[in-house]
Number of protein chains: 2
Amino acid sequence: MDMAGLLIGDVAERTGLTAPTIRYYESIGLLKAAPRSATGYRRYADTTVEELRFIKKAQSLGFSLEEIGEILKLSRAGDTPCSHVLDLSRRHLQAVQERIQQLARFRDQLAAELAKWDGKKEPTCRGLCQIISSAEEREADAPSLDLHARDLRAGSRRKARR
Amino acid sequence: MDMAGLLIGDVAERTGLTAPTIRYYESIGLLKAAPRSATGYRRYADTTVEELRFIKKAQSLGFSLEEIGEILKLSRAGDTPCSHVLDLSRRHLQAVQERIQQLARFRDQLAAELAKWDGKKEPTCRGLCQIISSAEEREADAPSLDLHARDLRAGSRRKARR
DNA sequence: ATCCACCCTGGAGTGCACTCCAGAGTCAAG
DNA sequence: CTTGACTCTGGAGTGCACTCCAGGGTGGAT
Ligand SMILES: [Zn+2]
Ligand SMILES: [Zn+2]
Ligand SMILES: [Zn+2]
Ligand SMILES: [Zn+2]
């Protein structure tokens, strides 16, 4: 009972992140260091929970932690013009736009192929190989897209203490 | 002049990959070991170039090298039913579909915000932060998407020998 | 007093897909 | 016969975003 504020585990629970991840964010300067209790425990304000949720969302939209750091820095500094963030956003918009289009083409072809397979009961992998081969005839210098979610950790099973 | 076939550098040039990458693919069993000349040089057939292009494309569509390996294995085995590849494709279709929808929403919001910024000459980062915050209210357990292309290496500057 | 779930630290390890390095051999052209 | 661009190997290193570990301290409940 030494200064109010959320413990790191409470913050973890509220955000769906793990405590080590939150410490990691602090260690790379993404999150500013939390005030400590007399015994060294981090004590967080509710606003940190908001900030972490923001980070999670920005990340799910394709921003790297470094970029999020830039955005957060500007955001904390107030309403300054921040043309850098503007640029960053424009580049993302561009990338996102291209990715959507490539994915949509792929989706349509893959869906069509799967439908064919669902019809006749004897699928071969020829079709798949062909649609992969014919996808994106255009210079194929497309950036990769990580569709493989790192396993979302099961919500922390922390016994409610208090 | 010891057995015809492309040298690894030739293959690299034709595919846009680097020689180490091609060796790496062989080392993980993605590419089957190429026949060697008397002095140990790998000698590739033209079909390998096709295979590598296939790999590149599949990769750009979000398949991991491991998944590509599975597909290739089945593909080489002929036209067997391969329900595993079918499953794999269905899962990808699902993931791709979700990703497209999230990205499209984000794109629309981001584009709108940037348009506003283009109008009035004094952008602040409030808007961006808000659209990131409001994006995807739905449980945000969305997998990440790597929009950040690893730098596409400049085409190898290999002096045409031969 | 004893639990036991939490908290702390620094540092090492993970997974993917490369990328680089040192040290040695090969080969066609000049 | 030298040069120089290529080839080979094994192993180490990179970047991102964590994730785990050992070893130790804290604090509310019984
Ligand atoms: Zn970015
Ligand atoms: Zn196939
Ligand atoms: Zn996959
Ligand atoms: Zn802002």
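Analyst: Let's start with Ile100(A), which sits in helix H5 (residues 83-119) of chain A; helices are DSSP runs of H or I with at least four residues, strands are runs of E with at least two, and both are numbered from the N terminus. This is a predicted model, where local features need pLDDT of at least 70 and side-chain atom pairs pLDDT 80 or more, while totals for chains, interfaces and linings use all residues. Residues are numbered from 1 along each chain as written, chains are lettered from A and ligands numbered from 1 in the order written, and side-chain values use heavy atoms, leaving out hydrogens and water.

Ile100(A) counts as buried because its relative accessibility is 6% (buried is under 20%, exposed over 50%, partly exposed in between, with a 1.4 Å probe and protein chains only). Setting aside residues up to four places away in sequence, Ile100(A) touches Ile100(B), Leu103(B), Ala104(B) and Arg107(B), a contact being heavy atoms within 4.5 Å.

Zooming out, chain A has 6 helices and 0 strands. Of its 162 residues, 43% are buried. Among chain A contacts with a separation of 6 or more, 55% link residues 24 or more positions apart.

After H2(A) comes Gly29(A), with a positive phi near 80°.

How do H1(A) and H2(A) pack? Helix H1 (residues 8-15) meets helix H2 (residues 19-27) at about 105°, with axes 8 Å apart. That angle makes H1(A) roughly perpendicular to H2(A) (65 to 115 degrees; under 35 is roughly parallel, over 145 roughly antiparallel, the rest oblique). H1(A) brings Ile8(A), Val11(A), Ala12(A) and Thr15(A) to the contact, and H2(A) brings Ala19(A), Ile22(A) and Arg23(A). By class, that's 5 nonpolar, 1 polar and 1 charged residues.

Terms used
Axes fitted to C-alpha atoms, helices over the stretch in contact; angles between N-to-C directions. Nonpolar A, V, L, I, M, F, W, Y, C, P; charged D, E, K, R; others polar.
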